[in-house]
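Visitor: I am new to this structure and would like to learn how to read it. Please take me through it feature by feature.

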Amino acid sequence: MLCGFLPQPDGLDAPAGNVVSWPDWEEGAKLVGLDPLHMHTGQKALTNQVASKVQGRVLDVGCGVGGLLSLLPRSVESVGLDVSKYCVDRARSRLDSHDNVKVINTDILDTDDENLGRFSSIVGLDVFHMLNRSHIIQKCSGLLRKHGNLIF
């Protein structure tokens, strides 16, 4: 498992639950000076590297606007989850021609394991610092196939 995280800032007024999210992703992106449709060079390189290595059925936790999902081969069945309706709408629009991709507007902890199924690879790029780590690892472990890969 690859892990990396940033500490959550002190005094952050975050909603209860699994993910710290801005009510309006566009406003949040402006606040920190990021365009949510683009990523910095290091993140793009990491996304390309991960996309080239995952196999089997893939779950992208916090898929955002679908950057990783758009790079996966069409032979790979994939599911993207994100709590931001804005991001999910953008991902669906971006991936409209991809028959192998399903994008769902939800928190992973609110998903039904039976309906979601099992995955060979579960990926969460640039989201681990926003998650309740112990809950997310436990949830993902239950969704992972034997000898699967968990990449955060």
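The dialogue below goes from confidence to the overall layout, then to the sheet and some single residues.

Guide: Keep in mind that this is a predicted model.

Visitor: What is the mean pLDDT of the chain, and what share of its residues reach 70 or more?

Guide: The mean is 74, and 66% of the residues reach 70 or more.

Visitor: How many helices and strands does the chain have?

Guide: There are six helices and five strands. Along the sequence they follow the pattern α-α-β-α-β-α-β-α-β-α-β.

Visitor: What share of the residues is buried?

Guide: Of the 152 residues in the chain, 41% are buried. The surface can be read too: the chain exposes about 8900 Å², and carbon and sulfur atoms supply 51% of that area.

Visitor: What share of the contacts links residues 24 or more positions apart?

Guide: Among contacts with a separation of 6 or more, such residues account for 62%.

Visitor: Next, the sheet. In which order do the five strands lie, and is the pairing parallel or antiparallel?

Guide: The general idea is that strands of a sheet pair through backbone hydrogen bonds, either parallel or antiparallel. Here the five strands form an open sheet in the order E3-E2-E1-E4-E5, and the pairing is parallel. E3 and strand E5 (144–151) are the edge strands, each of them pairing on one side only. On average, neighbouring strands are turned by 15° against each other, direction ignored.

Visitor: Over how many bridges do E1 and E4 pair?

Guide: Strand E1 (residues 58–61) and strand E4 (residues 119–123) pair over three bridges, in the parallel sense. Along this pair, Val 58 stands opposite Ser 121 in E4, and Asp 60 stands opposite Val 123 in E4. E4 also pairs with E5, again in the parallel sense, over four bridges. There, Ile 122 has Leu 150 in E5 as its bridge partner.

Visitor: Is E4 mostly covered or uncovered?

Guide: E4 is mostly covered, with five of its five residues buried.

Visitor: Which strands does helix H6 touch?

Guide: Helix H6, residues 133–143, packs on the sheet and touches E1, E4 and E5. The direction of H6 makes about 140° with that of E5.

Visitor: Now for single residues. Where is Val 54 found?

Guide: Val 54 lies in the loop between helix H2 (41–53) and E1.

Visitor: Why does Val 54 count as buried?

Guide: The cut-off for buried is under 20% relative accessible area. Val 54 counts as buried because its relative accessibility is 7%. Apart from neighbours within four places in sequence, Val 54 is in contact with Leu 72, Ser 121, Val 123 and Ile 151. Val 54 and Ser 120 are 66 residues apart in sequence, while their C-alpha atoms are 8.0 Å apart in space.

Visitor: Is Lys 102 buried or exposed?

Guide: Lys 102 is exposed, because its relative accessible area is 52% and the cut-off for exposed is over 50%. This residue belongs to strand E3, residues 101–105. Not counting residues up to four places away in sequence, Lys 102 touches Ser 78, Val 79 and Gly 80. The C-alpha atoms of Lys 102 and Leu 69 are separated by 9.4 Å, and the two residues are 33 apart along the chain.

Visitor: How many disulfides does a search of the whole structure find?

Guide: The search finds zero disulfides. Cys 63 is in none, and the nearest cysteine sulfur, that of Cys 87, is 7.7 Å away. The cut-off for a disulfide is a pair of cysteine sulfur atoms within 2.5 Å.

Visitor: What relative accessibility do Cys 63 and Cys 87 have?

Guide: Cys 63 counts as buried at 6%, and Cys 87 counts as buried at 2%.

Definitions and conventions:
Residues numbered from 1 in each chain as written. Predicted model: local features only at pLDDT ≥ 70, side-chain atom pairs only at ≥ 80, totals over all residues. Heavy atoms only, no water. Helix = DSSP H or I, 4+ residues; strand = E, 2+ residues; numbered from the N terminus. Buried < 20%, exposed > 50% of the residue type's maximum accessible area, 1.4 Å probe, protein only. Contact = heavy atoms within 4.5 Å. Areas by Shrake-Rupley, 256 points an atom, 1.4 Å probe, with all protein chains shown as cover. Pairing = 2+ DSSP bridges. Axes fitted to C-alpha atoms, helices over the stretch in contact; angles between N-to-C directions. pLDDT = per-residue confidence, 0-100.
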